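Have a look at the sequence and the fold first, and then we'll go through the parts.

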Amino acid sequence: MTAGFRALLLLLQVAAIAAGIWLGVVIFNAAS
Amino acid sequence: MALGVDGMKARRVIGKAFLLTLGTLVFVVCLTMVYKSMRSVMDIGGSCASGNTPYAISRPCPKGVGWMMTVGIFGMFVGTGISLLGVFPQGGPRPYVFGWSALFLSLGWNFLDYGFDAPGGGTSAGWLICGFVFVAMGGVPLLFLLSPRAARWALWGPNTERADDYLHPYKPPPIRTKSAASTTTATTTPEPATATMPSATSSTPYARPAPAWSPTPETALVPEPALEPAPPPVPEPEPKLDGTVVERLATLADLKERGMLDDDEYEKAKSAVLGEESST
C-alpha cells in the first residue's frame, strides 16, 4: 500500500469525523 | 497493484475505502446524537421519562431524545462493524481503535461539565465521580499513542512491504578450502553486483548466471585423471563427551527437567558420569 493511499484514507477519516459531527448536530436540532 | 493497494482490484479497493469512511461517519453521527441527547437530559436534571406508562411522568424527556439515544447507542456498534469491514489488511488507518476512547471521553466530558456546574447550582458529586471514571476509562487506553510504533499502526497502518526477494536471489557463500582461502584472500576482488544478476530482458529470464567456477569449454574437454582407489575407511575414535563433570551433570539435570530422562535413567547416567570421573 502506497503512502499516498494511506494518506488519502487518513484524510477521508478526518473528513468523515468532521462531517459526522456536523450531521449529528443537524439531526439532533431537527429532531428536538 | 490497483489504486496503490497490492493484490486487490480497483473495485474492491474503492469498496473498502467507502466502507471504512462510512463506518467512521455512522459512528460519529451516532456518538454526536448521544452526546447532544445526554446534554439535553442533563439540562433538565439528569433524568426523564417518556412513552406509554401507567405512572404519571413528572419530567418528560426532551423531544426526540428517546429515539436518538436508542438509535445512537446501537448505531455506534453498526458503525464500528462497517468500519471493520473496510479496514485494509495491507495498511491504512484503523479508526475503530479510537471508538472506545471517543465514546467515554466525550460522555465523560459531559459529566464533568455538568458536575462542576450543575443545573440547580453548585457541583454534583455523582456526576463528577462518573466524569472522572469515564475520562479514565477513555483516556487510559489512549496511552498506547505514546508508543510511536503503536500510534503509527493505528493511524498509518502496518508495514506490508511487497516481498521482492526474487530480485535478490540468495547466493550461498563460496566454499573454500583452507589452502585456497589462504592464497586467494589477498587477490580476490569483489565482483560487481550486476555480474551475477540475470537480465530482466533476457530471452531466458529464469536462467541462472553461469557460476564463476564453471569449467570453460577447453578445460571441459580434458579427460579427468583416473581416480585412485580410496583407502579403507579408518574407524573414527568414539567421540568423548566434552565438558567437565559439573557440565555433564548439569546437562543430565536439564534433560531430566525437560522430561527426556526419567528418574531411573537420570540416576544411572549420573552414577555413570561420577563413576567414570572417579575411575580416571
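Start where the chains meet: the contact draws 21 residues from chain A and 30 residues from chain B, two residues being in contact if their C-beta atoms, placed from the backbone, lie within 7 Å. On the side of chain A that touches chain B, there are 14 nonpolar residues, six polar and one charged. Here Ala, Val, Leu, Ile, Met, Phe, Trp, Tyr, Cys and Pro count as nonpolar, Asp, Glu, Lys and Arg as charged, and the others, Gly among them, as polar.

A word on the ground rules: this is a predicted model, where local features need pLDDT of at least 70, side-chain atom pairs count only at pLDDT 80 or more, and totals for chains, interfaces and linings use all residues. Residues are numbered from 1 along each chain as its sequence is written, while chains are lettered from A and ligands numbered from 1 in the order in which they are written.

Chain A has one helix and zero strands (helices are DSSP runs of H or I with at least four residues, strands runs of E with at least two, numbered from the N terminus). Of its 32 residues, 34% are buried, that is, with 20 or more other C-beta atoms within 10 Å of their own; 12 or fewer makes a residue exposed, and anything in between partly exposed.

Setting aside neighbours within four places in sequence, C30(B) touches V71(B), G72(B), G75(B), M76(B) and G79(B).

G15(B) also lies in helix 1 of chain B. It has 14 C-beta neighbours inside 10 Å, so it counts as partly exposed. G15(B) and G86(B) sit 71 residues apart in sequence, with 7.5 Å from C-alpha to C-alpha.

And helix 9 of chain B? None of its 17 residues is buried, so this helix lies largely in the open.
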